[in-house]
Amino acid sequence: DPEDPDSGGQPIAISCALQIKFVPSELRNVYLSFGSFEAARQRYLLLAGNMVSNSAQEYTPSDFWSIRDKIAARMLKQINETLWYQGSVVAERFEIMKVDFAAAFEESITAVQVAEQSKVVNEYEQQVQRVVQHISVMKSKNEAHIANISAAAEAKSKEILASAKRDAFNLKQGMKAQKYAELRKALEFSQKEMSEYFKIKSIQGQGQNGKVIIGLPSIGDSAVPKQSMEAFAKHPDL
């Protein structure tokens with residue numbers, strides 16, 4: 001915890017790279033202070049390592065992969081100030097190469113990330129299930145609507161067909177009645193004579209398909225008068 005210096009924290013190992021520059025005007029002071037390049041180098045590494053350690057304690061472990069560039073810039077600033085005042089050199093470049101955490105902490109980070117990813121996956125799966133259920137409900141509604149439309153259309157078609165058959169039958173019967181009336185008027189038949197005429201036409205039609213045995217009154221007793229029989233012969237429909 002950056003706000004609590006006594007919270008302990010997680011141990012980490014930081015591998016870094018540092019580039020320093022000797023200032024020509026300060027070389028005399030460097031030699032007098034350290035005596036040799038190797039001694040100066042060891043001193044610079046110690047000072048830089050202390051600044052890296054001090055700066056690292058200002059951040060949480062997660063900061064090292066979320067804002068590593070800012071941490072590196074902060075470390076470079078502190079290293080440069082320390083090396084200049086205590087070593088008379090300038091730190092030009094600094095880069096964090098690698099950060100290693102304790103194995104237990106690494107595992108806990110992995111477990112947390114896996115849990116977060118699993119949560120996200122489960123949320124997406126729930127969204128998918130909601131969409132699937134919504135589609136299923138819409139499909140059922142559409143199928144019911146289609147069934148209602150089909151049933152209504154079938155009933156309407158039957159009604160229209162029945163009405164058409166009825167109207168056709170009425171028209172046919174009306175036309176028959178009209179033509180029979182015209183025929184009766186042209187033949188000058190009475191209703192009884194017209195009935196006898198239909199009987200004769202029916203017998204003629206049956207005789208064309210086979211033998212027909214009928215009983216008729218004698219010619220002298222026929223209900224159709226001679227004048228009407230002559231009309232039969234003259235009429236083109238007979």
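In the predicted model, the axes of helix α2 (residues 37-56) and helix α4 come within 9 Å and cross at roughly 145 degrees, and the crossing of these two helices is right-handed. On the α2 side, the contact is formed by R43, Y44, L47, A48, M51, V52, S55 and A56, which meet M75, Q78, I79, T82, L83, Q86 and G87 of α4. By residue class, the contact of α2 with α4 comprises nine nonpolar residues, five polar residues and one charged residue.

Among the α2 residues that take part in this contact is S55, whose place in the fold was examined separately. S55 lies in helix α2, and its relative accessibility is 0%, so S55 is classed as buried, the cut-off for that class being under 20% relative accessible area. When neighbours within four places in sequence are left aside, S55 is in contact with M75 and Q78, both of which belong to the α4 side of the helix pair.

With regard to confidence, the protein chain has an average pLDDT of 81, and 82% of its residues score at least 70. Confidence in the chain is highest in helix α4 (residues 68-87), with a mean of 93, and lowest in helix α7 (residues 226-234), with a mean of 47. Over residues 226-235 the pLDDT is below 50, although this stretch has 14 contacts in the model beyond near neighbours in sequence. Where pLDDT is low, predicted coordinates should not be read in detail.

Technical notes:
Residues numbered from 1 in each chain as written. Predicted model: local features only at pLDDT ≥ 70, side-chain atom pairs only at ≥ 80, totals over all residues. Heavy atoms only, no water. pLDDT = per-residue confidence, 0-100. Helix = DSSP H or I, 4+ residues; strand = E, 2+ residues; numbered from the N terminus. Contact = heavy atoms within 4.5 Å. Axes fitted to C-alpha atoms, helices over the stretch in contact; angles between N-to-C directions. Left-handed = near helix turned anticlockwise from the far one by under 90°. Nonpolar A, V, L, I, M, F, W, Y, C, P; charged D, E, K, R; others polar. Buried < 20%, exposed > 50% of the residue type's maximum accessible area, 1.4 Å probe, protein only.
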